[in-house]
Amino acid sequence: MLKLAIHTLGDTIVFRIAGRIVLGECHILRHAIFSHPYIAIAALDMAEVSAMDAAGLGLLVELRNWASAKRMQLKLLNLTPRLANLLNMTHLTPIFDVCPLREVIDLLFRTSQSSPTAGYAPGRCDPPRFVRPRRCGKAT
């Protein structure tokens, strides 16, 4: 089951994703991001994503294209080694803005300093907490 926590940090919205981004679950993430069309940066924190299938990869490409058309930045944060490998194997890594460690730490610090403005609804993750960033950045 896919769960989301949404945190507003000025002109950035961090979507903390937990669970599987797979066929049948993609609509949850799509709806959440499409409901914020006027932000400057959408950051997808993927530290707790346990699996992704072809539908999930297709959704990421769709979100990237939508963000580009809206003149919005789409950033991927905290890619697990498995997700980084999946993006590399499918040759999708170059089209995404995978945040470097410094930027992830900055966003996490800002998250721990502020409270989420989106609130919580059933099906969303627990309240924000500081998590140690995992290996991230562009895989080579």
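Let's start with Lys 75, which is buried at a relative accessible area of 7%. Here, buried means under 20% relative accessible area, exposed means over 50%, and partly exposed covers what falls in between (1.4 Å probe, protein chains only). Before going on, keep in mind that this is a predicted model, where local features need pLDDT of at least 70, side-chain atom pairs count only at pLDDT 80 or more, and totals for chains, interfaces and linings use all residues. Residues are numbered from 1 along each chain as its sequence is written, and side-chain values use heavy atoms, with hydrogens and water left out.

So what does Lys 75 meet through its side chain in a salt bridge? The partner is Asp 97, at 2.9 Å from N to O. A salt bridge here is a side-chain nitrogen of Lys or Arg within 4 Å of a carboxyl oxygen of Asp or Glu. This one links distant parts of the chain, with Lys 75 in strand 4 (residues 73-77) and Asp 97 in strand 5 (residues 97-98), 22 residues apart. Strands are DSSP runs of E with at least two residues, helices are runs of H or I with at least four, and both are numbered from the N terminus. Asp 97 counts as partly exposed, at 31% relative accessibility.

Asp 45 forms a salt bridge with Arg 16, and their closest N and O atoms are 3.8 Å apart. Because Asp 45 sits in strand 3 (residues 41-52) and Arg 16 in strand 2, the pair ties together parts that are 29 residues apart in sequence. Asp 45 counts as buried, at 4% relative accessibility, and Arg 16 counts as buried too, at 8%.

Arg 16 also meets Glu 48 in a salt bridge between their side chains, 3.7 Å from N to O. Again the link is between distant parts of the chain, from strand 2 to strand 3, 32 residues apart. Glu 48 counts as partly exposed at 35% relative accessibility. Put together, salt bridges that share partners join Arg 16, Asp 45 and Glu 48 into one network.

Now follow strand 2 (residues 12-21) over to strand 1: the two run antiparallel and are joined by 7 bridges. Strands count as paired if DSSP finds at least two bridges between them. One example is His 7, whose bridge partner in strand 2 is Val 14. The two strands form a hairpin with 2 residues between them, and Gly 10 in the turn has a positive phi of about 65°. Strand 1 (residues 3-9) itself is mostly covered, with 5 of its 7 residues buried.
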